[in-house]
Amino acid sequence: MSRDICDVTRAKNGRPVRPGRSNALRLAALLTTAAVTGVVVHLLDRGPGASWPLPLSTALPVAAALFVAAGVRARWARRHGHAPPSSDTGARPPSVERAGQSGPEEGVARRRAASVLWRMRTTVKDEPGSLAALCTALAGLGVDILSLQTHPLAEGTVDEFLLRAPGDVDADGLVGAVAAAGGIRTWIERADTHDLVDAPTRVLGLATRTALDAAELPLALRQLLGRCTIRQLPGVPATGGRGPSPVPVEGVLEETVMRLRAPEGGVITVERPYLPFTPTEFARARALVELDARLGPRVPAGQDVLTLSEGDAITVRRADTGDLRAAREMHDRCSARTLSMRYHGPVGDADRYLNHLLSPRYGRTLAVQTASGRVVGLGHLLWDGDETEVALLVEDAWQQRGIGGELLSRLVAMAVEAGCESVYAVTQASNTAMVAAMRSLGLPLDYQIEEGTLVITARLGTSRPAAPHLSGTGEFGTTSAT
């Protein structure tokens, strides 16, 4: 039996092959055989009285040494239990790890750690193989397609991708590969982990938020459609005059602009100049507005009972048009100076704005209420297209108690939660209380003064001013605003 066959046979029977020890044994046996053969030949040739030949005197010690070495190696191996050779187990040779090399799994992990998320939209011909060509081009760059949505059009299909690309593949590389594969009018921007939620789950979440709070509709539309400008114009403006032109029940889609009938009259206009809307996006937005209209005006329940530094207990809660009468009564108790600093116009016009300000369609309102049920303060967070305005009004007798600062911090916290990048307040330059309240937020501020009107803009970023939610009790500070 040959050596190769013998090694394979022993391996099959579960006995590990040890080539070092078997070679030593074979060499020792060979030397012994040669030495004995030489002795026999020498004795037959010279007779019984002949001396030991030289080959025997050298071969026997070497053979004995080899036998001893083989025995020592076998005993040491039994004690230390060497792992089988890699040829028996398929294991990676240990020299690879010692050399600092990495296997394929580690390479994949490193590439994912350095990867970048992208949102990309491109238009292709509506014919077999067009999507396969795009996927092949992206795969050639090592890009992983995490999700895909298709928007059928009359002249083709818009494919919307969420991609994970290697860090060394930039936007130009992705757009070039897609263009070579037949994609046209390609749009791309960086994405984040929030985009990993699949489209149906995201739409259901937005519908739930809208169902719980009517003020969420503009925010839900913005999250549904991406970066866009949303304006809601009332059917009858607060300042009088004609409202916007009405739109049909089904709404109007015009490339980068969609117009929808507002739930309480008027028009909701959504603009996205950098990317045309698809019929699928238009249908989703229209369904969200229809849901809001069917549910009617609503605000979430909840309130905070707080204690002022003087010991008076007040309640902070959400307000809506149901508080219109109480708000007008507060106007009647406010001085002309307080109303003029809040509304920047004739005092007699103040009541005309209340219905608009209290409507959850245009933002969120917080009311401060005493133990007797009287409203003594109002804070408004108003959606103004791409921007967000904050406005405060505190009854004269309750000023300088920290109510304005408390309302402002809560409104700004709501703006941060809604994803707003900044908030601005419009007041008079002489309104030092409002300026102090904005400064107390601890946020970067920009000031602009035009003909005595001061606009203070606070950049929110990722900061969230400390403000309790509508639950539990707390203690006011000393900052105040009118």
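1. In this predicted model, Tyr 343 has a relative accessible area of 11% and is therefore buried, the cut-off for that class being under 20%. Tyr 353 is partly exposed, at 30%. The rings of Tyr 343 and Tyr 353 form a stacked aromatic pair, with 6.0 Å from centre to centre and 10° between the planes. Tyr 343 belongs to helix H13 (residues 336-343) and Tyr 353 to helix H14 (residues 350-358), ten residues apart.

2. The count of aromatic pairs comes to two. Trp 187 and Tyr 274 form a tilted pair, with centres 5.9 Å apart and planes at 35°. Trp 187 lies in strand E4, whereas Tyr 274 lies in the loop between strand E8 (267-271) and helix H11 (279-295); 87 residues separate them. Trp 187 is buried, with a relative accessible area of 11%, while Tyr 274 is partly exposed, at 31%.

3. Helix H8 (residues 171-180) has the buried residues Leu 174, Ala 177 and Val 178. Seen down the helix axis, these fall within an arc of 100°, so they line one face of H8. Asp 172 and Ala 180, on the other side, are exposed. The buried residues pack against strand E1 (116-124), helix H7 (130-140) and strand E4 (184-190). Just after H8, Gly 182 adopts a positive phi of about 105°.

4. Helices H9 (residues 199-212) and H10 (residues 217-225) pack at an angle of about 170°, their axes 9 Å apart. The two helices are therefore roughly antiparallel. Residues in the contact include Val 203 and Leu 206 of H9, and Leu 217 and Ala 220 of H10. The contact residues divide into six nonpolar, two polar and two charged.

Note on methods. Residues numbered from 1 in each chain as written. Predicted model: local features only at pLDDT ≥ 70, side-chain atom pairs only at ≥ 80, totals over all residues. Heavy atoms only, no water. Buried < 20%, exposed > 50% of the residue type's maximum accessible area, 1.4 Å probe, protein only. Helix = DSSP H or I, 4+ residues; strand = E, 2+ residues; numbered from the N terminus. Arc of directions from axis to C-beta. Contact = heavy atoms within 4.5 Å. Axes fitted to C-alpha atoms, helices over the stretch in contact; angles between N-to-C directions. Parallel < 35°, antiparallel > 145°, perpendicular 65-115°, else oblique. Nonpolar A, V, L, I, M, F, W, Y, C, P; charged D, E, K, R; others polar. Phe/Tyr/Trp six-rings, centres within 6.5 Å; stacked < 30°, edge-to-face > 60°.
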